Amino acid sequence: MNRAQLFEQISQRKSFLCVGLDTDSAKLPPHLLSHPDPVAEFNRQIIEATAEYCVAYKPNLAFYEADGIKGMQSLQATMQHIPATHFTIADAKRGDIGNTSAMYARSFFGHYGFDSVTVAPYMGSDSVKPFLGYEGKWVILLALTSNEGAADFQFETLQSGGQLYEKVLRTSQQWGTADNLMYVVGATKADKLAHIRTLVPDHFLLVPGVGAQGGSLAEVALYGMNKQCGLLVNASRSILYASNGEDFADKAREEAKRMQQEMEILLDKYC
């Protein structure tokens, strides 16, 4: 899916919601446990309940890899349930030497068919560029994350000037463009978004941290939205676990709809 097609989906649904499929097999509603693949069945019902209100899905690879081969089979089945109209993100946070990154890229883009993959920039250009060689596919580079440990490195002031996360944003624009490179910026760092937009005015930003982590959707839109929206805001736990009962899909739909309605107002206001 290219940038124009993604913006078209955002415009049609009046939403920039990404549903994070951080599906914990230990938190599934009890009535699903007798299903042959309870994780895939849970995801199927979540996808069918929320597809109308979101534009992207983001399976978190750790939650599937933790269950071994069975987990990866659940991931593959989940990918088959996601409509072609929705952008897909492999939240894998890869980033290794060149030939290893090339194998990761083949796996996520070739085998599983994801539109994008999250990548850590720490090992530099040769760890990122193999992902950028696929036509119509995207790298989503970690820039400024929402976790507490982000302060350990990302705000380090460099002798050359600026902070480390700013160098990531500036340098990586030599590797890719706004048509194949996005950035992760946490919603809990909304006060930095206005500055980040001066560094990457046209790129899409994947913004986790709204919902259970307490980030403000209104502040993210105020400081981060550009003329093509430029935002994919992720919510995971607040949607997936809105209920642990047999009504979990209905409650997930209600939460996704609530977020979409807020996003529609923000799109009309800023985009």
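Colleague: How many bridges join strand β6 to strand β7?
Modeller: This is a predicted model, in which local features need pLDDT of at least 70 and side-chain atom pairs count only at pLDDT 80 or more, while totals for chains, interfaces and linings use all residues. Residues are numbered from 1 along each chain as its sequence is written, and side-chain values use heavy atoms, with hydrogens and water left out. Strands here are DSSP runs (E, at least two residues), numbered from the N terminus, and two of them pair if DSSP finds at least two bridges between them. Strands β6 (residues 181–185) and β7 (residues 205–207) run parallel, and the number of bridges joining them is two.

Colleague: Which residue in β7 is the bridge partner of Tyr 183?
Modeller: The closed barrel of eight strands runs β1-β2-β3-β4-β5-β6-β7-β8, with parallel pairing. In β7, the partner that Tyr 183 bridges to is Leu 205.

Colleague: Are the planes of Phe 155 and Tyr 165 stacked or edge-to-face?
Modeller: Rings of Phe, Tyr and Trp (its six-membered ring) pair if their centres lie within 6.5 Å, and planes under 30 degrees apart count as stacked, over 60 as edge-to-face and the rest as tilted. The centres of Phe 155 and Tyr 165 are 5.8 Å apart and their planes stand at 75°, so this pair is edge-to-face.

Colleague: Is Tyr 165 buried or exposed?
Modeller: Buried means under 20% relative accessible area, exposed over 50% and partly exposed in between (1.4 Å probe, protein chains only). Phe 155, at 22% relative accessibility, counts as partly exposed, whereas Tyr 165, at 2%, counts as buried.

How values were computed
Helix = DSSP H or I, 4+ residues; strand = E, 2+ residues; numbered from the N terminus.
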